[in-house]
Every structure is written in structure tokens, then in C-alpha cells.
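Colleague: I would like to learn how to read a model of a protein chain. Please take me through it step by step.

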Amino acid sequence: VQFVESGGGMVQPGESLRLSCVGSGFDFRNYALSWVRRAQGKAPEWVAVIETDGGNKFYLQSVQGRFTISRDDAKTTLLLQMNSLKPEDTALYYCALAERDGSDWSVYDYWGQGTQVTVFS
């Protein structure tokens, strides 16, 4: 399993970024997928999850209404449109395979290099 994330950058509050992740080495369309972020000094947290076929989407409450997750199975690509960015969104963002864990989501231990998002005033 491999992931290659891209699209991060340094932006000011209120600006937008679009993250992209190309997955390989697994049957992309058969897995729920997630964006996970890790801020410095904090535990990783899933930001958004999209189920197979793009049917259901789930968001961390703090990004609800600002972030949109989508997938293109033909291109084995996962996307995250991030609008109205805030300094607290600053983190290293990864994509991951996801699975239901009761009422929550957990991710498989496969990681790419991530893409850094920095929101500064």
C-alpha cells in the first residue's frame, strides 16, 4: 500500500487549499478512505472520511462546512478541498485506509509522506 499526498502549502487565514492523494497497491474502490492530520505536539486525528462509492462522508466537527472530501476511483485519487482555513488547521495531512470502529473510525497503519498545511497570520 502506498500513498502520495500533495497540495499543501502556507496560506493566510480564510484562504483555501486542495489536497490530493494518489493511492496504489490495493483495490482503491473497495475501501473507505480518510484524511488524517497530525499537528505538532498533538495526537493524530481523522479529519474526514468517505465511504466506498463516495456515498457517505463524515467530518471532524471543527472542519464541518469548511472541508469537503471526495474521491475519484478511476484515478485512485482522494481529494480534500479546504476552505476558510484557520491557524488551528496547521498540521501534516495524510490519507489513509479507514474502517468503522464502533461509532468512530480507525485507520490502517499505512502512511505516505504527508503534505504540510500551514495557516499563519
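This is a predicted model: local features need pLDDT of at least 70, side-chain atom pairs count only at pLDDT 80 or more; totals for chains, interfaces and linings use all residues.

Colleague: How many helices and strands does the chain have?

Modeller: The chain has 11 strands and zero helices. Read from the N terminus, its elements run β-β-β-β-β-β-β-β-β-β-β.

Colleague: What does the radius of gyration say about the chain?

Modeller: The value here is 13 Å, close to the 14 Å that the globule rule gives for 121 residues, so the chain is as compact as a globular protein of that length. Along the principal axes, the C-alpha atoms fill a box of roughly 40 × 30 × 25 Å.

Colleague: Which share of the contacts joins residues at least 24 apart in sequence?

Modeller: Among contacts between residues at least 6 apart, that share is 55%.

Colleague: How should I think about the inside of a protein?

Modeller: In soluble globular proteins, nonpolar side chains tend to be buried together. In this chain, 41% of the 121 residues count as buried. The largest nonpolar core has 28 residues, and W35, F67, I69, L78, L80, M82 and Y93 have the most contacts inside it.

Colleague: Which strands supply this core with at least two residues each?

Modeller: They are β3 (17-24), β4 (32-38), β5 (45-50), β7, β8, β9 and β11 (115-119). Of the strands, β9 gives the most, with four residues. There is also a second, separate core of seven residues, which includes A32, W46, V49 and W105.

Colleague: What should I know about phi before looking at the loops?

Modeller: Most residues other than glycine have a negative phi. In this model, T76 has a positive phi, near 45 degrees. S84 also has a positive phi, near 50 degrees.

Colleague: Where do T76 and S84 lie?

Modeller: T76 is in the loop between β7 (67-72) and β8 (77-82). S84 is in the loop between β8 and β9 (91-101).

Terms used: Residues are numbered from 1 along each chain as its sequence is written. Side-chain values use heavy atoms; hydrogens and water are left out. A nonpolar core is a set of buried Ala, Val, Leu, Ile, Met, Phe, Trp, Tyr and Cys residues joined through side-chain atoms within 4.5 Å. Buried means under 20% relative accessible area, exposed over 50%, partly exposed in between (1.4 Å probe, protein chains only). The radius of gyration is taken over C-alpha atoms; the globule rule is 2.2 Å times the number of residues to the power 0.38. Contact means heavy atoms within 4.5 Å.
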